[in-house]
Amino acid sequence: MAKQAFGDSITYGVGASPSSSSWVNLFAFVNSAVSNAQAADMSRTIQLNTPDISKKYTLMIGTNDHRIYKNDAAKMEFFKRFLRQCVSWLALPIKVK
């Protein structure tokens, strides 16, 4: 079964020594993560992929959004919207979109 991971630098493998020891590589995921990515960046990346019901996906985003937006309620609302958009794109069949 195909597996694909989306996320920021944690998913990308930053800090793993060696990078082959990152959790994504250990679980044999196709790594589509982007270091320093925010939810809006991942939303664009995810929408370039056609979701496949036979695939398993992981989505780990938000660390950079939180670090940059801090307590800005309006910007955190953007994060929430992009997060919902990412999950919806991966979870809903094409004909529902």
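These numbered points go through a predicted model, one feature at a time.

1. **Helix α3, the buried side.** Start with helix α3, which spans residues 39–47. Which of its residues are buried? They are A39, M42, S43 and I46. These four cover an arc of only 110° around the axis, which puts them on the same side of α3. Look down the helix in the viewer and find that side.

2. **What α3 packs against.** The buried residues of α3 have several partners. Two are strands: β1 (3–7) and β3 (56–60). Two are helices: α4 (63–69) and α5 (73–91). Keep these elements in mind, as some of them return below.

3. Is R44 buried or exposed? R44 is exposed, because its relative accessible area is 56%, and the cut-off for exposed is over 50%. For a sense of distance, take R44 and A2. They are 42 residues apart along the chain. Their C-alpha atoms are separated by 21 Å.

4. Q38 sits in the loop between β2 and α3. Its relative accessibility is 16%. Buried means under 20%, so Q38 counts as buried. What does Q38 touch, once neighbours within four places in sequence are left aside? The contacts are N64, D65, I68 and Y69. Helix α4 covers residues 63–69, so the contacts of Q38 fall within the span of that helix by DSSP numbering.

5. S22 is in the loop between α1 (9–12) and α2 (23–26). Residues up to four places away in sequence are not counted here. Beyond them, S22 touches G13 and A16.

6. **Strand β1 and K3.** K3 is part of strand β1. With 25% relative accessibility, K3 counts as partly exposed. Sequence and space tell separate stories for K3 and F29. The two are 26 residues apart in sequence. From C-alpha to C-alpha, they are 4.8 Å apart in space. Setting aside neighbours within four places in sequence, K3 contacts F27, A28, F29, V30 and K56.

7. **First aromatic pair.** How many aromatic pairs does a search of the whole structure find? It finds 2. F6 and Y57 make up a stacked pair. F6 lies in strand β1 and Y57 in strand β3, so the pair ties together parts that are 51 residues apart in sequence. F6 is buried, at 0% relative accessibility.

8. W23 and F29 pair edge-to-face. Here the centres are 5.8 Å apart and the angle between the planes is 65°. W23 counts as partly exposed, with 25% relative accessibility. F29 is buried, with a relative accessible area of 15%. F29 is also the residue whose C-alpha atom lies 4.8 Å from that of K3.

9. **Two positive phi values.** Most residues other than glycine have a negative phi. Two residues deserve a look with that in mind. A28 has a positive phi, near 60°. A28 is in the loop between α2 and β2 (30–31), and it counts as exposed at 56% relative accessibility. K70 also has a positive phi, near 50°. K70 is in the loop between α4 and α5. At 54% relative accessibility, K70 counts as exposed.

10. **The largest pocket.** This pocket holds about 210 Å³ of space. Which elements give two or more residues to its lining? They are β3 and α5. The lining has 13 residues, and P51, Y57, L90, A91 and L92 lie nearest the centre. By class, 10 of the lining residues are nonpolar, 1 is polar and 2 are charged.

Terms used:
Residues are numbered from 1 along each chain as its sequence is written. This is a predicted model: local features need pLDDT of at least 70, side-chain atom pairs count only at pLDDT 80 or more; totals for chains, interfaces and linings use all residues. Side-chain values use heavy atoms; hydrogens and water are left out. Buried means under 20% relative accessible area, exposed over 50%, partly exposed in between (1.4 Å probe, protein chains only). The arc is that of the directions from the helix axis to the C-beta atoms. Contact means heavy atoms within 4.5 Å. On a 1 Å grid over the protein atoms alone, a cavity is a set of points where a 1.4 Å probe fits but cannot get out, and a pocket is an open set with protein on both sides within 12 Å along at least five of seven lines; lining residues have an atom within 4 Å of a point. Grid points are joined across faces, edges and corners, and a volume is the space filled by probe spheres set on the points. Ala, Val, Leu, Ile, Met, Phe, Trp, Tyr, Cys and Pro count as nonpolar, Asp, Glu, Lys and Arg as charged, and the others, Gly among them, as polar. Rings of Phe, Tyr and Trp (its six-membered ring) pair if their centres lie within 6.5 Å; planes under 30 degrees apart count as stacked, over 60 as edge-to-face and the rest as tilted.
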